[in-house]
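Q: Hi! Could you walk me through this protein structure? I'd like to ask a few quick things as we go.

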Amino acid sequence: MVKASEASKSRAEKPTLSAPDDDPYLWLEEIEGARALEFVEGQNRTTLQAFGGAAFERDRNALTSIYDRPDNIPHVSRSGGYLYNLWKDASNPRGLWRRTTLEEFRRPKPSWEVLLDIDQLAVSEGEDWLLNATAPLAGNYGRTILSLSRGGSDAVTLREFDTDAKTFVRDGFLLPEAKSRVEWLDPDTLVLSSSHGEGMATTSGYARTVRLWRRGTPADQAPVIFEAEADHMGVQCYVDHTVTPPRMWFVDEVDFFNFNSWLGDESGATTKIGLPSNIWMLLYRDWLAIKPRESWSVAGRTYAADTLLVISLAAFLGGNRQFEVLFEPGPRRALQGFFWSAGKLVLSILNELRPFFEICTPSDQGWTREQLRGLPAIGVINVWPLDRDPSEGNGDLLVSSQDPLTPASLMLIENNVASPTVLKQAPKMFTADGLVVTQHEAISIDGERIPYVQTGPARVTGDAPVYMSGYGGFGISLRPYYDSALGKLWLERGGTAVQANLRGGGEFGTRWHDAGRLAGKKLSHDDFAAVAADLVRRGVTKPKRIAAEGGSNGGILITNMLTRYPDHFGALFCTVPLIDMRRYSKLLAGASWIAEFGDPDKPSDWEWLKTYSAYHAAKLGQNYPPILIATTRRDDRVHPGHARKMAAKLQAMGYEAYFYEQAAGGHGYGRDNREHAGLEVLGFRFLKSKIGWLDGEA
């Protein structure tokens, strides 16, 4: 007979790598299940009892006050001659949707015209409304489609709004909750990409079809003009108003990194764009700009991955493949993005993590280029067009400049050429006296150099309380922004912050991303552990004083630090996480990430997925550091079951694992500034407690 203790051990470790489908916690995937909610409520009480209290309230109030400050920078975009903004503060926690003019916005305290009070709307309709997005009709037509989300979810209700009358349009466009996106074709026609309706969703939960939706017609009766296979990620349609009549661009999103594109009209797709599927492309008037993810040979030439190429669209459709090269990558020089602005192509480039921008201008004599002048040489610089729709663009650009110790400045560059002028300056949120920002490199397990940014006191003590963060996925580049919460609650009080640029990100282009993708995802985690070890090697701190946080894809990272590198850390905070790599593709939007991680239903892919599925790898008898796992119930992107199940398994094995779930917030930290601050503070209180940093508390 099997001894009772051995049987108990066997039950506690389920699911395991050897029996990955024997999962005793599937009931926690029932988001609104009575038993699951009872688990959540009990866990929340335990966590708040442990890390709530007076210090928590003090810090949450301080951070909420920072987020609610009236002198924070309003983020704006221009449409129809107005600058639009969604503003949240203590009096308007859900937000005021409002607008003003550029002339008025230049003033220290501009006057705003309020279009919609989201708090009043939520109360009057008895719904947990948040404004997720807006889709204005280009030109000054006074009509916008609002995407209203319940509790911050990605699924939205679409409703037509009259910005002149400041009211919803009676008998206007209306679509029930679904994952939806629309573009205006004309004042009476929408192009709808939505999962709403039978057979309209892909296995990832996104739109499978594009429909032409005429005013006065129910969406369910709108004809389908484009569709994709159900196992593809989704479809989109973009309406290009830079040409007359408007041009429609249909995109079949095969997966996260592969796309098939067609040109067409309101009857549907007519001309397929003859390009490899792994090319990122952008149309503007008669120009086609493309960036291949892999080396590409065409018309007797070979272009390296991440090269930016341009060609006349008419010439391309006529068979010409003689591209103009506007950017060539280097080992640590990568194109981060590009966009059109008043006939010019603006390039965003990182060179050894330093940002710079080029403006490329076409003419009859060819292309000319110049560097965008007047910007800081270091720090985090972002540039984007002020106008929402390129058809309305006059070349005005917005610029944001900041670094970990310098709050953001919002600047305006007029007509693509003028020197930047400051529109708004964010206030200083914390005292940075005595703090410095330095850049370092750690050597990962295979010899690759992993950069990281360290912010904190100049003097090394060997015992610094360190907050580490990283992501390493989907080609997303991490940049060292000014972080009010981290500054106020960690740096100002004597702590040190470290941000690691892991493989899987996009800091050095596709080769950096691909190195940390699929089977290489494990290397991304090795990179993070290498940075932690380098902090100890350099005498900054010791392992038990290192606290680490990661969310979403970073949840895989943090739980792998738990199971693979437990001796490198003192405490871990894991938010809205992806963890169960056996079932992730079956949960909510999980199937859309197969191109990043692999398909667990394929035995060959599971061989590498199981090497970083911490839910299955966690076992008894290990020296795991304390961990807090947090999620939100309205996250309809990454299933809250990931967080619930990991916490339940760790607790069943006797580890110090805490769990917290907010009722709303979507794939984020809360529906308003107070909830957002509360979750951040909860994490900080937990991390500080577990690395032994009293932070002035008795």
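This is a predicted model: local features need pLDDT of at least 70, side-chain atom pairs count only at pLDDT 80 or more; totals for chains, interfaces and linings use all residues.

Q: Which way do strand 10 and strand 11 (residues 189–194) pair, and over how many bridges?
A: They pair in the antiparallel sense, over six bridges.

Q: OK, on to strand 7 (residues 156–162). Why is it described as largely enclosed?
A: Seven of its seven residues are buried, so the rest of the structure largely encloses it.

Q: Which residues point which way from strand 7?
A: Val 156, Leu 158, Glu 160 and Asp 162 point one way, while Thr 157, Arg 159 and Phe 161 point the other way. All of them are buried, on both sides.

Q: What about strand 6 (residues 143–150): how many bridges join it to strand 7?
A: Seven bridges, with the two strands running antiparallel. Within that pairing, Arg 143 has Asp 162 of strand 7 as its bridge partner. Strands 6 and 7 also make a hairpin with five residues between them. In the turn, Gly 151 has a positive phi of about 70°.

Q: How many bridges does strand 7 share with strand 8 (residues 167–168)?
A: Two, again in the antiparallel sense. Phe 161 stands opposite Phe 168 there.

Q: Changing topic: how many aromatic pairs does a search of the whole structure find?
A: It finds 36. In one of them, the ring centres of Tyr 84 and Trp 97 are 5.6 Å apart and the planes meet at 25°, so the pair is stacked. That angle falls under the 30 degrees used as the cut-off for stacking.

Q: Where do those two sit in the chain?
A: Tyr 84 is in strand 2 (residues 82–87) and Trp 97 is in strand 3 (residues 96–100), 13 residues apart, so to speak a link between distant parts of the chain.

Q: Are they buried or exposed?
A: Tyr 84 counts as buried at 14% relative accessibility, and Trp 97 counts as buried at 3%.

Q: Why is the pair of Tyr 303 and Phe 323 edge-to-face?
A: Their planes are at 85° and their centres are 6.2 Å apart, so the pair counts as edge-to-face. Tyr 303 comes from strand 21 (residues 301–303), and Phe 323 from the loop between helix 6 (313–317) and strand 23 (324–327). Tyr 303 is buried, with a relative accessible area of 4%, and Phe 323 counts as buried at 5%.

Q: Which residues do ring pairs link into a cluster?
A: Phe 256, Phe 257, Phe 474, Tyr 584, Trp 593 and Phe 597.

Q: Which ring does the charged end of Arg 99 sit over?
A: The ring of Tyr 82, at 4.0 Å from its centre. Arg 321 lies over the face of Phe 316, at 3.6 Å from the ring centre.

Q: Now the inside: how many residues are in the largest nonpolar core?
A: It has 53 residues, and those with the most contacts inside it include Met 468, Phe 528 and Phe 569. Helix 9 (residues 521–537) gives the most to this core, with six residues.

Q: What does Phe 569 touch?
A: Leaving out residues up to four places away in sequence, its contacts include Met 468, Phe 528, Ala 532 and Pro 625.

Q: Last one: why is helix 10 (residues 553–564) called largely enclosed?
A: Of its 12 residues, 11 are buried, so the rest of the structure largely encloses the helix. Helix 10 reaches 17 Å from its first C-alpha to its last, close to the 16 Å expected.

Conventions
Residues are numbered from 1 along each chain as its sequence is written. Side-chain values use heavy atoms; hydrogens and water are left out. Rings of Phe, Tyr and Trp (its six-membered ring) pair if their centres lie within 6.5 Å; planes under 30 degrees apart count as stacked, over 60 as edge-to-face and the rest as tilted. Helices (H or I, at least four residues) and strands (E, at least two) are DSSP runs, numbered from the N terminus. Buried means under 20% relative accessible area, exposed over 50%, partly exposed in between (1.4 Å probe, protein chains only). A charge sits over a ring if NZ of Lys or CZ of Arg is within 6 Å of the ring centre and within 35 degrees of the ring normal. A nonpolar core is a set of buried Ala, Val, Leu, Ile, Met, Phe, Trp, Tyr and Cys residues joined through side-chain atoms within 4.5 Å. Contact means heavy atoms within 4.5 Å. Two strands pair if DSSP finds at least two bridges between them. The expected span of a helix is 1.5 Å times one less than its number of residues.
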